[in-house]
Amino acid sequence: EDVFSPPELGNDDSIKELADIMSEEGLPGLFLFIGDRAELLKERGRNDVIESLKPHEVGLHTRSARHPTCPEYVAGKSWDEGLELSLADEKQGAKIISEVFGQPCAALSAHNVFITPHAICCAGQMDLPYVYAYPAAPPNYGPSWYAGGLALPATSPTEKNEPFLGF
């Protein structure tokens, strides 16, 4: 997620370390990247990090953390106008993921408060699940079908207040 820190901080290395540990343990994972972050890895020549993710799936964790963010660019628009903007943004982000990591984008998601219903609808149109969605289906507050997309909540309330990790 970190698109702001210089490479000297070592955040690129932590991605590789986690991917390598998971691979050594035989645990495939889903790594989510902000599109800008994926591009930074490529620009920095971090092929070692990119290669370490080959055994894993990679998805989009929002196209960019720059303004306007998803909620900002759909604000005040009709559903169709917002959906058109979102679809262009999500497709561009998924393309970046595919180009950088050499594999199809496995899921869409949003960084923090950048989620919109439009983005979940885009996931459905792109035939991808949406990770970290807010909507959750009662009574167990698990995955839901929302705005035409499969929404996998990160955490949700449950009847007994037990934690739920939908993905």
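**Contacts and packing in the predicted fold**

Setting aside residues up to four places away in sequence, Asp 2 touches Leu 9, Asn 11 and Arg 37, a contact being heavy atoms within 4.5 Å. The model is predicted, so local features need pLDDT of at least 70 and side-chain atom pairs count only at pLDDT 80 or more, while totals for chains, interfaces and linings use all residues. Residues are numbered from 1 along each chain as its sequence is written, and side-chain values use heavy atoms, with hydrogens and water left out.

Asp 2 sits in the segment before H1; helices (H or I, at least four residues) and strands (E, at least two) are DSSP runs numbered from the N terminus. With a relative accessibility of 22%, Asp 2 counts as partly exposed, since buried means under 20% relative accessible area, exposed over 50%, and partly exposed in between (1.4 Å probe, protein chains only). Although 63 residues separate Asp 2 from Ala 65 in sequence, their C-alpha atoms are 9.5 Å apart in space.

Arg 37, one of the contacts of Asp 2, belongs to helix H2. Its relative accessibility is 1%, so Arg 37 counts as buried. Beyond residues up to four places away in sequence, Arg 37 touches Glu 1, Asp 2, Val 3, Asn 11, Asp 12, Ile 15 and Arg 44. With Asp 12, the side chain of Arg 37 makes a polar contact of 2.6 Å; such a contact is a pair of N or O atoms within 3.5 Å, where within protein one must be able to donate a hydrogen and the other to accept it, and residues adjacent in sequence count only if both atoms are side-chain atoms.

The view now widens to the whole chain. Six helices and six strands make up the secondary structure of the protein chain, and along the sequence they follow the pattern α-β-α-α-β-α-α-β-α-β-β-β. The C-alpha atoms fill a box of roughly 40 × 40 × 25 Å along the principal axes. For 167 residues, a compact globule would have a radius of gyration near 15 Å, and the 16 Å of the protein chain agrees with this; the radius is taken over C-alpha atoms, and the globule rule is 2.2 Å times the number of residues to the power 0.38. Of the 167 residues, 47% count as buried. Among contacts between residues at least 6 apart in sequence, 59% join residues at least 24 apart.

What lies inside? The largest nonpolar core has 38 residues, and Phe 33, Leu 53, Ile 97, Phe 101, Leu 108 and Tyr 130 touch the most other members. A nonpolar core is a set of buried Ala, Val, Leu, Ile, Met, Phe, Trp, Tyr and Cys residues joined through side-chain atoms within 4.5 Å. Two or more residues of this core come from each of helix H1 (11-24), strand S1 (30-33), helix H2 (35-43), helix H3 (47-52), strand S2 (57-60), helix H5 (79-101), helix H6 (117-125) and strand S4 (130-133). H5 gives the largest share, seven residues. Leu 53, apart from its neighbours within four places in sequence, is in contact with Ile 15, Ala 19, Phe 31, Phe 33, Val 58, Phe 101 and Gln 103.

The structure holds one aromatic pair. Its partners are Phe 33 and Phe 101, tilted at 35° between the planes and 4.9 Å centre to centre. (Rings of Phe, Tyr and Trp, its six-membered ring, pair if their centres lie within 6.5 Å; planes under 30 degrees apart count as stacked, over 60 as edge-to-face and the rest as tilted.) The pair links distant parts of the chain, with Phe 33 in strand S1 and Phe 101 in helix H5, 68 residues apart.

Helix H6 has its own buried residues, namely His 118, Ala 119, Ile 120, Cys 121, Cys 122 and Ala 123. Their cover includes helix H4 (70-74), H5, strand S3 (108-109), S4, strand S5 (144-146) and strand S6 (149-153). After H6 comes Asp 127, whose phi is positive, near 60°.

Some backbone details are also worth a look. Most residues other than glycine have a negative phi, and most peptide bonds are trans. Tyr 132, in strand S4, has a positive phi near 70° and is partly exposed at 32% relative accessible area. Ala 147, in the loop between S5 and S6, has a positive phi near 50° and is partly exposed at 30%. A cis peptide bond, with omega about 0°, joins His 67 and Pro 68, and Pro 68 lies in the loop between S2 and H4.
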